Amino acid sequence: MTVVLFDLDDTLIVYNGVAEASWRLVCEQLAPGFGVETDVLLAELLTQRAWFWSLEARSREGRRCPRWARGVVAARAMEALGLEGRDVDLLVDGYERAREASAHAVPGAVEALRALRKEGAALGLVTNGEARAQRTKLSRFELADYFDYIFIEGERGSAKPSQSCFLEPTNALGAKPGEAWMVGDDPVRDIAGANAAGLRTIWVNPTGRPFPDGLETGRVVTSVREVPPLIKRYREARGG
């Protein structure tokens, strides 16, 4: 049996990919009332966001409590601009509304999952993040039923790129690491992590980003639509 594991955010659902646009929207709405230019507020928020997620320990806590993380980012931005005392919750609330409204399924994602299921593949999901948030996304976009095994950081206690995140679902689905595939958009957490665990990998890279130096790339596609035919060709070339 073919086993294929998928990442969730920005592989099957565009979520992180709408973050900057969501910050921009809330800045356009609130910056005039704060007495600051939209682009100035946005730039500071993005600077603080980059700072927050640059350290793995903070990132881990931020994934466990996204609302807290966004509050830290917004508060630091307001402080840096001399806007202490302004309502940080206004920024965070507006951002969260904009982001949830903008999130959408990656074009071709559902069709790719259906095609793999039709070919008899067992599918697993491996995603970092807080359990309730990730389960809500799966429910909202009606994806959960496509998967035979779901591994969520907030439920399991470990996060990609830890090898256990890939090996647990692979083993549970009855495959050896070399018989399973990992499909994801993050070159470090998804691709390098799965490569280290011995899985075959497919990097979904629609924008042509360069792959980090020193890491094994694996196969590369520009759309998740390309995944089922790629795996089918591989199986046929291997005689099964």
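Colleague: Leaving aside its neighbours within four places in sequence, which residues is Lys-137 in contact with?

Modeller: Lys-137 is in contact with Leu-8, Asp-9, Ile-13 and Tyr-15, once those neighbours are left out. Contact here means heavy atoms within 4.5 Å. Keep in mind that this is a predicted model, where local features need pLDDT of at least 70, side-chain atom pairs count only at pLDDT 80 or more, and totals for chains, interfaces and linings use all residues. Residues are numbered from 1 along each chain as its sequence is written, and side-chain values use heavy atoms, with hydrogens and water left out.

Colleague: OK, and where does Lys-137 lie?

Modeller: In helix α7. Helices (H or I, at least four residues) and strands (E, at least two) are DSSP runs, numbered from the N terminus.

Colleague: Is Lys-137 buried or exposed?

Modeller: Buried, because its relative accessible area is 7%. The cut-offs are under 20% for buried, over 50% for exposed, and partly exposed in between, using a 1.4 Å probe and protein chains only.

Colleague: What about Asp-185, buried or exposed?

Modeller: Asp-185 has a relative accessible area of 16%, so it's buried too. You'll find it in the loop between β6 and α10 (187-196).

Colleague: Which residues does Asp-185 touch?

Modeller: Not counting residues up to four places away in sequence, it touches Asp-7, Asp-9, Asp-10, Thr-11, Asp-190, Trp-203, Val-204 and Arg-209. Most residues other than glycine have a negative phi.

Colleague: Where is Asp-10 found?

Modeller: In the loop between β1 (3-6) and β2 (13-14). Glu-142 also has a positive phi, near 55°, and is found in the loop between α7 (131-140) and β5 (149-152). Glu-142 counts as exposed because its relative accessibility is 63%.

Colleague: Switching topic, which residues does a cis peptide bond join?

Modeller: Lys-160 and Pro-161, with omega about 20°. Pro-161 lies in the loop between α8 (153-156) and α9 (164-172).

Colleague: Now the core. How many residues has the largest nonpolar core?

Modeller: It has 35, and Val-4, Phe-6, Leu-12, Leu-143, Phe-147 and Val-227 have the most contacts inside it. The largest share of this core, five residues, comes from α6. A nonpolar core is a set of buried Ala, Val, Leu, Ile, Met, Phe, Trp, Tyr and Cys residues joined through side-chain atoms within 4.5 Å.

Colleague: Take Leu-12. Which residues does Leu-12 touch?

Modeller: Among them are Phe-6, Ala-109, Leu-113, Leu-125, Leu-143 and Phe-147, again not counting residues up to four places away in sequence. There's also a second, separate core of 21 residues, including Leu-42, Leu-45, Ala-77 and Val-92.
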